[in-house]
Amino acid sequence: MSLKRKDFLGLYDVSKEEINEILDTAVAMKDILTRTVKKVPTLRGKTVINLFYEPSTRTKFSFNLAAKRLSADVMSISKSSSSIAKGESLLDTAKTMEVMGADVVVIRHSAPGAAKFLAENISASVLNAGDGAHAHPTQALLDIYSIKEKLGKIAGLKVLIVGDIAHSRVARSNIWGLNKLGAEVAVAGPQTLIPREIEKMGVKVYTDLDQALENVDVVNILRIQMERQESGLFPSIREYREIYGMNAERLDRIGKKAMIMHPGPMNRGIEIESSVADSSQSVITEQVKNGVAIRMALLYLLAGREIDNEDLN
Amino acid sequence: MDKSEMIVKKELIDSAAMGRAITRIAHEILEKNKGTEDLVLIGIRTRGVPLAERLAAKIEEIEGVKLPTGILDITLYRDDLSTVAQQPIVHRTEIPFDITGKKVVLVDDVLYTGRTVRAALDALIDLGRPLQIQLAIMIDRGHRELPIRADFVGKNLPTSKDEVVDVNFKEIDEKDAVLLLEKS
């Protein structure tokens, strides 16, 4: 059994078996990152293009490093320093990359569906590195990997996602993935930042964080975007911190076994207190390391595949 | 070739003969290396692993020394990844000791084209700088495509390219046996 797809766009249309295969492959990939020679020759001769239409530090760096650890040739293109700034369309840019020999195109774009659009129109494999508020599957996979690594399983765990659920592709991707693997997912945040029909995705909804924190195994804290406050979705940063911020007292209440995650970049002192971020229960730095392993696993599973043009039909 | 589409043509070696071959190889390893100093065993996944463990047990029986034993997964070093339709599953390499300065005995069940051993040599050298690498295998079936030979051989079995030599270990398979398979 192996990942049988040209592209990897989101966790909504992959099977439990496929997710498990990616997670298992990432275990072997993570071992490579701990060796003296942190490189394997697996993707020699393959070309990976990172096409980033949105600012990103860790995801771009993580994909770059993952491709290099597998010996692929990798190029990163960002919006400001390329023809994109001259108004070239997404498809033209991607086609240009393809003609130059790209085997995998990693794309980050502000428009939901951008990765899918590209996947339907080029024969190279497309890997979604975040499309608007839609999906960010590699972040969700690295979150799931981090949970499994620390707690040994996913099925039956109670996972709480806290913060701006409405604008979060990380939340949506985590919900898809965790549900498939049998976790119980709940979300907590201000009513204005929770999408109306989120229950239909199979999650419990809380507006009271303290109530939501009862009996949780994992708390995944999302970054609060300051511009949301300006648009009136919550009254003030101070109030958000009081009501939804993860602080030492709340950490104490959830017990020593529960783990703390954050996809970064963190607003220390707002959604997460420094003492929580740096506590022994926090796996925030490990998440970054696991991100490289997950992306290596996906690049391996996608790039090795023979390009079959019939898939385009 | 998919083994499920093949039939057993004959049993080449039975369990007793396999046991005797393992005992002889264990003695040969000790003789060539003048004992167990700096010696380690590394089995190539999948069926090099039980063979390495058997050799370690036999050597412990003979010398009273338990050799460090590891597991090598060569998937990421294969030279045919760009030609296979689907990526093979990657497993972990589990070598819980430093191989630098050690005499490594690489262990596999069958030596055929030599490509697996080539991949294993590259994988090992990325993990450290062994003093020596030796090769122990159960069956040498010929048809080499690379200049590689084994230091310790259970049995030489000339075969045709249409056949498959299937080494079974009771740890993984039903029983110990070497079978010759043919397309049905």
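Over residues 104–116 of chain B, the chain is 62% strand and 15% helix, with the end C-alpha atoms 16 Å apart. Helices (H or I, at least four residues) and strands (E, at least two) are DSSP runs, numbered from the N terminus. This is a predicted model, in which local features need pLDDT of at least 70, side-chain atom pairs count only at pLDDT 80 or more, and totals for chains, interfaces and linings use all residues. Residues are numbered from 1 along each chain as its sequence is written, while chains are lettered from A in the order in which they are written.

**Annotation**
- In an unreviewed entry, UniProt lists residues 104–116 of chain B as "short sequence motif: PRPP-binding"; such annotations may be inferred rather than shown by experiment.

**Nonpolar core**
- The largest nonpolar core has 143 residues, and A:Val105, A:Leu299 and B:Leu55 have the most contacts inside it.
- Such a core is a set of buried Ala, Val, Leu, Ile, Met, Phe, Trp, Tyr and Cys residues joined through C-beta atoms within 7 Å, where buried denotes 20 or more other C-beta atoms within 10 Å of the residue's own, C-beta atoms being placed from the backbone.
- Helix α12 (residues 284–303) of chain A gives the most to this core, with 12 residues.
- Among the residues that A:Leu299 touches are A:Leu43, A:Val48 and A:Leu70, not counting residues up to four places away in sequence.

**Contact between chains A and B**
- Chain A gives 16 residues to the contact and chain B gives 15 residues; two residues are in contact if their C-beta atoms, placed from the backbone, lie within 7 Å.
- On the side of chain A that touches chain B, α1(A) gives the most, with four residues.

Key
Buried ≥ 20, exposed ≤ 12 C-beta atoms within 10 Å, placed from the backbone.
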